[in-house]
Amino acid sequence: PADLPKQWQEFKAAQVAIQRFQSGPQGNTVRSFNVLVDHLDTLSTAAQALKNGDYRTFNSWKQTWAANTGNPAPTNFDGVKALVGDEIVKAVVGSAGALADREEVKKDLSRASSPKQLAELVENYKKLALGQLNGLRKQYEVATKRKDFGDMLLPGTLKALGGHEGGEKAEAPKAQGTLKSGLTWSVE
């Protein structure tokens with residue numbers, strides 16, 4: 001009987017956390033991370049379509065020529081870059097960020113960059129975003145005492161976090177779970 005008030009408080013806290021993750025601000029944040037991971041893959045595809053080389057000056061000239069002769073790759077990349085840049089700042093900083101933050105990300109994602117530069121930058125942004133998502137996962141699990149955080153994630157996000165199909169387990173995961181669909185996920 002002495003533990004009942006504590007248990008009731010924990011139950012109420014878990015219910016509030018579940019509600020916030022299902023339809024509240026934390027749920028919206030998880031949705032934003034799902035979208036960001038998907039959009040980073042779209043940005044990678046647009047970057048590959050530029051068919052850049054290793055020389056920024058040549059790439060700059062080439063992309064200007066391509067844009068002025070009707071090739072859609074440079075304008076597609078710039079359009080995706082603008083949207084994803086804002087999403088990156090929001091995900092990594094945790095808010096919309098200042099205009100200077102958003103402009104800096106967009107500058108870093110220059111279409112004159114080499115394929116390796118763009119690929120590594122996108123992967124680093126993905127790692128930063130997934131670090132924030134891991135923080136949300138931990139918050140969810142501590143508050144709710146549940147291990148079903150992966151049910152809120154899209155397959156691409158699960159894959160980025162190290163999820164595996166067919167029950168295959170990664171070595172020494174920090175956290176893992178199984179979705180209702182049978183897909184297992186783990187965080188390394």
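Predicted model: local features only at pLDDT ≥ 70, side-chain atom pairs only at ≥ 80, totals over all residues.
1. Basis. Local features need pLDDT of at least 70, side-chain atom pairs count only at pLDDT 80 or more, and totals for chains, interfaces and linings use all residues. Residues are numbered from 1 along each chain as its sequence is written, and side-chain values use heavy atoms, with hydrogens and water left out.

2. Helix α1. This helix covers residues 4-23, 20 residues in all. Helices here are DSSP runs (H or I, at least four residues), numbered from the N terminus. From first C-alpha to last, α1 reaches 28 Å, close to the 28 Å expected at 1.5 Å a residue. The expected span is 1.5 Å times one less than the number of residues.

3. Ala 14, Ala 17, Ile 18 and Phe 21 are buried. The buried residues of α1 fall within an arc of 100° seen down its axis, so they line one face of the helix. That arc is taken from the directions from the helix axis to the C-beta atoms. Turned away from the buried side are the exposed residues Leu 4, Pro 5, Trp 8, Gln 9, Gln 19 and Ser 23. Buried means under 20% relative accessible area, exposed over 50%, and partly exposed in between (1.4 Å probe, protein chains only). The cover over the buried residues of α1 includes α2 (25-49) and α6 (115-144).

4. α2 against α6. The two helices pack at about 165°, with axes 10 Å apart. That makes α2 roughly antiparallel to α6; the cut-off for this is an angle over 145 degrees. Axes are lines fitted to C-alpha atoms over the stretch in contact, and angles run from 0 to 180 degrees between N-to-C directions. Residues of α2 that meet α6 include Phe 33, Leu 36, Leu 40 and Ala 47. On the α6 side, Leu 118, Val 122, Tyr 125 and Leu 133 are among the partners. Contact means heavy atoms within 4.5 Å.

5. α6 itself. It has 30 residues and reaches 42 Å from first C-alpha to last, close to the expected 44 Å. Just after α6, Lys 145 takes a positive phi of about 60°.

6. Gln 48. This residue lies in α2. Gln 48 counts as exposed because its relative accessibility is 59%. Its C-alpha is 8.9 Å from that of Leu 118, 70 residues apart along the chain.

7. Ser 114. This residue sits in the loop between α5 (99-108) and α6. Ser 114 counts as buried, at 5% relative accessibility. Leaving out residues up to four places away in sequence, Ser 114 touches Gly 53, Asp 54 and Asn 59.

Note on methods:
Parallel < 35°, antiparallel > 145°, perpendicular 65-115°, else oblique.
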